[in-house]
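Colleague: I would like to go through this model feature by feature. Please give the general idea each time, and then the case at hand.

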Amino acid sequence: MKFFVDTAEIDAIAELHALGMVDGVTTNPSLIKKSGRDILEVTREICDLVSGPVSAEVTATDADDMIAEGRKLAEIAENIAVKVPLTWDGLKACKVLTDEGKMVNVTLCFSANQALLAAKAGATFISPFIGRLDDIALDGMELIEDIRTVYDNYGFETEILAASIRSVNHVLDCARIGADVMTAPPGVIKSLVNHPLTDKGLDAFLADIKAADIKIL
Ligand code: E4P
């Protein structure tokens, strides 16, 4: 499973990128707002750092303007994935932009039928939002399972980019189901390393290192 990092914070991306943990980046208008940066400027910086797909979201809601914005975003770098919402206009823009050879990430997906439409419109990525479904007492992971089944039934090549991931369990469940990509905030990715038995075991080893005065260098 590929790891995308869901942030527009350059330092956080750079830290994970140095460890080989960043296969791509996703941003959205809320993350751009949080960064306090100009969208074109910060997106360019991210693309300079990361060679995998970098999702940058359009601001328009009608197809023609989404297409114009998508073309402008795609000029930033070859690894831009234009992010469009899962509306009828978004699907129209998806079809035009992917026909031009651009990567498109169709976002705000909350049903397998929506994901089916996105695949038929040629989407490179579909972004089902797990956490936001869980927030309203629905089962976000069931959506990932359903999309996996539907796409595999018909051999769609659109990649399932599991989004709105809030916990380490979300990450593991996505990997079990076979999501192609998961995008998570840096904090969630970093917390995957945590295990109390690792901490406990290391404490015991450190005590023995001290007691036996074990030295390597
Ligand atoms: C990524 O593409 C999404 O915009 C993001 O994962 C949404 O996450 P949230 O529901 O926690 O805001």
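Colleague: Which helix gives the largest share of the lining of the largest pocket?

Modeller: A pocket is found on a 1 Å grid over the protein atoms alone, as an open set of points with protein on both sides within 12 Å along at least five of seven lines; lining residues have an atom within 4 Å of a point. Helices (H or I, at least four residues) and strands (E, at least two) are DSSP runs, numbered from the N terminus. Here α2 gives the largest share of the lining, three residues. Both α2 (29–35) and β5 (103–109) supply at least two lining residues each.

Colleague: How much space lies in the largest pocket, and which residues are closest to its centre?

Modeller: A volume is the space filled by probe spheres set on the grid points, which are joined across faces, edges and corners. For the largest pocket this space is about 350 Å³. There are 22 lining residues, and D6, N28, L31, R132 and P185 are the closest to the centre.

Colleague: What should I keep in mind about the source?

Modeller: This is a predicted model, in which local features need pLDDT of at least 70 and side-chain atom pairs count only at pLDDT 80 or more, while totals for chains, interfaces and linings use all residues. Residues are numbered from 1 along each chain as its sequence is written, and side-chain values use heavy atoms, with hydrogens and water left out.

Colleague: In what order do the strands close into a barrel?

Modeller: Strands of a sheet pair through backbone hydrogen bonds, either parallel or antiparallel. Two strands count as paired if DSSP finds at least two bridges between them. In this protein eight strands close into a barrel, in the order β1-β2-β3-β4-β5-β6-β7-β8, with parallel pairing. From one strand to the next the twist averages 30°, where axes are lines fitted to C-alpha atoms and angles run from 0 to 180 degrees between N-to-C directions. Two bridges join β6 (residues 125–128) to β7 (residues 159–162), with I126 opposite I160 in β7.

Colleague: Is β5 mostly covered or mostly open?

Modeller: Buried means under 20% relative accessible area, exposed over 50%, and partly exposed in between (1.4 Å probe, protein chains only). β5 is mostly covered, with five of its seven residues buried. N105 lies in this strand and counts as buried because its relative accessibility is 0%. Contact means heavy atoms within 4.5 Å. Leaving out residues up to four places away in sequence, N105 touches T26, S55, V82, K83, V84, F125, I126, S127 and L161.

Colleague: Which residues of helix α9 are buried, and what covers them?

Modeller: In α9 (residues 168–177) the buried residues are H170, V171, C174 and I177. They are on the same side of α9, because they cover an arc of only 135° around the axis; the arc is that of the directions from the helix axis to the C-beta atoms. N169 and R176 are exposed on the face turned away from the buried side. The cover includes α7 (130–135), α8 (140–154), β7, β8 (181–184) and α10 (186–191). After α9 comes G178, with a positive phi near 100°.

Colleague: Where is R148 placed, and what is R148 in contact with?

Modeller: R148 is in helix α8 and counts as buried, at 12% relative accessibility. Apart from neighbours within four places in sequence, R148 is in contact with I160, I177, G178, A179 and D180.

Definitions and conventions
On a 1 Å grid over the protein atoms alone, a cavity is a set of points where a 1.4 Å probe fits but cannot get out, and a pocket is an open set with protein on both sides within 12 Å along at least five of seven lines; lining residues have an atom within 4 Å of a point.
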